[in-house]
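Biologist: I have just opened this model and would like to go through it with you. Where shall we begin?

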Amino acid sequence: MRACRPFTIPGIDRSFAGAASAALVLLLLLAAPAAAQQPGAKRQGPAVPNQTLRGSGAALAGDLLTVDGTTVRLLGIDAPDPGQLCRNRRGHELDCFSIATSVLNNLLKGEEVECTIAELDRNGEKKGECRVRGVDLGAAMVARGWAFAFRSLSPSYASNEAYAQSKRFGLWSGQVEKPWQWRSRQLRERGS
């Protein structure tokens with residue numbers, strides 16, 4: 001069997017050919033999203049980005065709400081989970097899940113909620129930014145200290161979190177495990 005050799009053009013330096021190949025690949029990668037947005041282009045999976053939902057909202061968790069029955073997770077934040085406890089500055093245990101849920105419900109105040117859906121997660125759950133009277137609910141929850149900026153998903157709320165932490169608001173006033181760490185620990189403990 002004969003080994004294949006890379007195609008070369010006489011007079012063209014190999015490093016230039018490699019750079020040209022890389023540029024071609026980059027050009028194709030950049031063109032793909034534009035081609036997918038062309039009229040008549042078929043999309044794979046459910047098409048939801050930039051879908052807007054408006055209606056009455058109710059909190060299901062500190063980072064999850066319904067808008068007229070449609071569930072939306074607030075993008076870029078993570079709030080305590082059901083069963084997750086935290087401690088206040090005096091060391092008393094609190095149901096931080098229930099408190100965070102109540103804080104979000106208070107922000108909704110029976111007002112109309114407007115959510116811009118940014119994506120669907122792998123389970124088909126809608127994720128987006130929701131506002132009440134122009135106030136970003138994710139930013140408000142993080143600034144009040146009842147949710148954490150989920151920086152691996154979005155850096156958007158890092159300054160809100162720094163503010164809450166500096167003022168020792170909400171969860172920052174005592175001791176709490178970040179929700180993603182709490183979930184990981186729960187999985188490890190169940191597996192043992």
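Modeller: Let us begin with helix α4, where S159 and S166 are exposed. Exposed means over 50% relative accessible area, buried under 20%, and partly exposed in between, using a 1.4 Å probe and protein chains only. Please note that this is a predicted model, in which local features need pLDDT of at least 70, side-chain atom pairs count only at pLDDT 80 or more, and totals for chains, interfaces and linings use all residues. Residues are numbered from 1 along each chain as its sequence is written, and side-chain values use heavy atoms, leaving out hydrogens and water.

Biologist: And which residues in α4 are buried?

Modeller: N160, E161 and A164 are buried in α4, which covers residues 158-167. Those residues span an arc of only 95° around the axis, so they sit on the same side of α4; the arc is taken from the directions from the helix axis to the C-beta atoms. S159 and S166 lie on the other side.

Biologist: What do the buried residues of α4 pack against?

Modeller: They pack against α3 (137-143) and β10. A contact here means heavy atoms within 4.5 Å. After α4 comes R168, which has a positive phi near 55°.

Biologist: Stepping back, how many helices and strands are there in the protein?

Modeller: The protein has five helices and ten strands. They are DSSP runs numbered from the N terminus: helices are H or I with at least four residues, and strands are E with at least two. Of the 192 residues, 33% are buried. Among contacts between residues at least 6 apart in sequence, 59% join residues at least 24 apart.

Biologist: Let us turn to α2. Which of its residues are buried?

Modeller: They are C96, F97, A100, T101, V103, L104, L107 and L108. Seen down the axis of α2, they fall within an arc of 155°, so they line one face of the helix.

Biologist: How far apart are the end C-alpha atoms of α2?

Modeller: They are 19 Å apart, which agrees with the 18 Å that the 13 residues of α2 (residues 96-108) should span at 1.5 Å a residue. The expected span is 1.5 Å times one less than the number of residues. Just after α2, K109 takes a positive phi of about 45°.

Biologist: Now for the strands. What does β1 pair with?

Modeller: Strand β1 (residues 51-61) pairs with strand β7 (residues 112-120) in the antiparallel sense over six bridges; two strands pair if DSSP finds at least two bridges between them. Here G55 stands opposite V113 in β7. Four bridges also join β1 to strand β2 (residues 64-67), again antiparallel. β1 and β2 form a hairpin with two residues between them, and A61 stands opposite L64 in β2.

Biologist: Last topic: how many aromatic pairs does a search of the whole structure find?

Modeller: It finds four. Rings of Phe, Tyr and Trp (its six-membered ring) pair if their centres lie within 6.5 Å; planes under 30 degrees apart are stacked, over 60 edge-to-face, and the rest tilted. F148 and W180 form an edge-to-face pair, 6.2 Å centre to centre with 80° between the planes. This pair links distant parts of the chain, with F148 in strand β10 (residues 148-149) and W180 in helix α5 (residues 179-191), 32 residues apart.

Biologist: Is F148 buried or exposed?

Modeller: F148 is buried, with a relative accessible area of 1%, whereas W180 counts as partly exposed at 24% relative accessibility. Ring pairs link F148, F150, W172 and W180 into a cluster.
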